[in-house]
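Visitor: I would like to learn how to read salt bridges and helix faces in a model. Can we work through one together?

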Amino acid sequence: MLKTFFFFLFSTLAINGMSQDHIDWTAGWDHKTLNQARNLPSSKMNEVEENVLFYCNLARMNPKLFLTTTLSLYIEVRAVKNSSYLSSLKRFLKKSKKLPPFIANDSLHKVAEIHAVHSGKKGTIGHQNYSKRFKYVEDVFPTNGENCDYGNQKAIDIVFSWLIDEGIANLGHRKNVFDKEFSHAAVSIAPHKSYQVNAVMAFGSR
């Protein structure tokens, strides 16, 4: 069964200066959990792409702790304005159960990379040729999904654009990150003709 989500998100979160590159977004987390979240064997992702998966894993592995640590710090540092979407994320994390971390997968990375590079060169948005791209992995991952983001260069901003999902009524990006069926994922980030940068995260379940 294909589980496809056709959502995209324009960047609404400000990208702050280089002085914030060294913020510890994981303060309050134990080393064992952090190591489990970074379990990325044979990953072809670069550091920023790995960090997107890492922060998504933290949110999945301990939603309540993520709420009181990483999200709270992000709201303070980025001066995120309160909204119904932010409030719903807080409620969601408070009641969500723990999930296993995503396992990085090179085949899913290739699917994400193809779309990120193509979208970037063409200056397009959305999920064009979704079925064609995921046909490459559908034998291994018959259930799959995809998130796209435009304009955010830092991993933490990409992740929170999906988790807050401002303006996306069905919260499709957030649902993908917390979908208990998805066991594997990968991220690809590429330059974008219109938005400077775009990120694609491909999800799969066996």
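Guide: Start with one pair. The side chains of K110 and E113 form a salt bridge, with 3.8 Å from N to O. This is a predicted model.

Visitor: Why does 3.8 Å count as a salt bridge for K110 and E113?

Guide: The general idea is a distance cut-off: a side-chain nitrogen of Lys or Arg within 4 Å of a carboxyl oxygen of Asp or Glu. K110 and E113 meet at 3.8 Å, so the pair qualifies.

Visitor: Where do K110 and E113 lie?

Guide: Both are in helix α5, residues 106-122. They sit three residues apart, about one turn of the helix.

Visitor: Are K110 and E113 buried, exposed or partly exposed?

Guide: Read the relative accessibility. Buried means under 20%, exposed means over 50%, and partly exposed is in between. K110 has 38%, so K110 is partly exposed. E113 has 30%, so E113 is partly exposed too.

Visitor: How many salt bridges does a search of the whole structure find?

Guide: Three. One of them joins R133 and E146, at 2.6 Å from N to O. This pair links distant parts of the chain: R133 is in helix α6 (residues 130-134), and E146 is in strand β3 (residues 143-150). They are 13 residues apart.

Visitor: Are R133 and E146 buried or exposed?

Guide: R133 counts as buried because its relative accessibility is 10%. E146 is buried as well, at 0%.

Visitor: What about R78 and D157?

Guide: They form a salt bridge too, and the closest N and O atoms are 2.9 Å apart. Again, distant parts of the chain are linked: R78 belongs to helix α3 (residues 63-78), D157 to helix α7 (residues 155-164). The separation is 79 residues. Both R78 and D157 are buried.

Visitor: Which residues of α4 are buried?

Guide: Y85, L86, S88, L89 and L93. Look down the axis: these buried residues fall within an arc of 160 degrees, so they line one face of α4.

Visitor: What is on the other side of α4?

Guide: S84, R91, K94 and K95 are exposed there.

Visitor: And what do the buried residues of α4 pack against?

Guide: Three helices are the partners to look up: α3, α7 and α8 (172-177).

Key: Residues are numbered from 1 along each chain as its sequence is written. This is a predicted model: local features need pLDDT of at least 70, side-chain atom pairs count only at pLDDT 80 or more; totals for chains, interfaces and linings use all residues. Side-chain values use heavy atoms; hydrogens and water are left out. Helices (H or I, at least four residues) and strands (E, at least two) are DSSP runs, numbered from the N terminus. Buried means under 20% relative accessible area, exposed over 50%, partly exposed in between (1.4 Å probe, protein chains only). The arc is that of the directions from the helix axis to the C-beta atoms. Contact means heavy atoms within 4.5 Å.
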